[in-house]
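Subject: Handing over the structure

Hello,

Here is the structure I promised to pass on to you.

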Amino acid sequence: QVQLVESGGGLVQPGGSLRLSCAVSGSIFSINAMGWYRQAPGKQRELVAHISSGGKTNYLDSVKGRFAISKDNAKRMVYLQMNSLKLEDTAVYYCNVNGLLDPTSRAFDSWGQGTQVTVSS
């Protein structure tokens, strides 16, 4: 069973910074991609940042230049550095990881429980 545990959320003033972390545990053969999503009240969940196994990244347009996704393969961690936070970044942020459980190609697609990020003055 693959488990993801996020941390690092909290309350921050506009213009501030936060760093989210996501720890991946369980018996995994390989990880394909890792990403961060967010869901604000009354809105659909949206992809914020994504990083492939090869390190290619892509971002939601509204966070480009402010957020940065990174990973540590050895530690099975994925991070989201969030700078210049805005009121509209307020949401629950979820970590998502997909890959293979074993060489026979049994796939997994797992989500964390979410961490609240609140940007408020």
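Below is what I found, going from the whole chain down to single residues.

A word on the ground rules. This is a predicted model, in which local features need pLDDT of at least 70, side-chain atom pairs count only at pLDDT 80 or more, and totals for chains, interfaces and linings use all residues. Residues are numbered from 1 along each chain as its sequence is written, and side-chain values use heavy atoms, with hydrogens and water left out.

The whole chain

The chain has 0 helices and 11 strands. Helices (H or I, at least four residues) and strands (E, at least two) are DSSP runs, numbered from the N terminus. Along the sequence the pattern therefore reads β-β-β-β-β-β-β-β-β-β-β.

How does the radius of gyration of the chain agree with that of a compact globule? A compact globule of 121 residues would have a radius of gyration near 14 Å, and the chain agrees because its value is 14 Å. That radius is taken over C-alpha atoms, and the globule rule is 2.2 Å times the number of residues to the power 0.38. Along the principal axes, the C-alpha atoms fill a box of roughly 50 × 25 × 25 Å.

Of the 121 residues, 39% are buried. Buried means under 20% relative accessible area, exposed over 50%, and partly exposed in between (1.4 Å probe, protein chains only). Contacts are heavy atoms within 4.5 Å; of those in the chain with a separation of 6 or more, 54% come from residues 24 or more positions apart. The chain exposes about 6500 Å², and carbon and sulfur atoms supply 48% of that area. Such areas come from the Shrake-Rupley method with a 1.4 Å probe, and for residues only the protein chains shown count as cover.

Some residues to look up

Start with Trp-36, which you will find in strand E4 (residues 30-39). Trp-36 counts as buried because its relative accessibility is 0%.

Next comes Asp-102, in the loop between strand E9 (91-100) and strand E10 (107-111). With 14% relative accessibility, Asp-102 counts as buried. Which side chains make polar contacts with the side chain of Asp-102? Thr-104 is joined to Asp-102 by a polar contact of 2.3 Å, and Arg-106 makes a polar contact of 2.6 Å with Asp-102. A polar contact is a pair of N or O atoms within 3.5 Å; within protein, one must be able to donate a hydrogen and the other to accept it, and residues adjacent in sequence count only if both atoms are side-chain atoms.

Gly-8 sits in the loop between strand E1 (3-7) and strand E2 (10-12). Its relative accessibility is 34%, so Gly-8 counts as partly exposed. Leaving aside residues up to four places away in sequence, Gly-8 touches Leu-18, Arg-19 and Leu-20. The C-alpha atoms of Gly-8 and Arg-19 are separated by 5.8 Å, with the residues 11 apart along the chain.

Finally, two backbone angles. Arg-76 is not a glycine, yet has a positive phi of about 55 degrees; it lies in the loop between strand E7 (67-72) and strand E8 (77-82). Ser-84, in the loop between E8 and E9, also is not a glycine and has a positive phi of about 50 degrees. Arg-76 is partly exposed at 26% relative accessible area, and Ser-84 is partly exposed at 39%.

Best wishes
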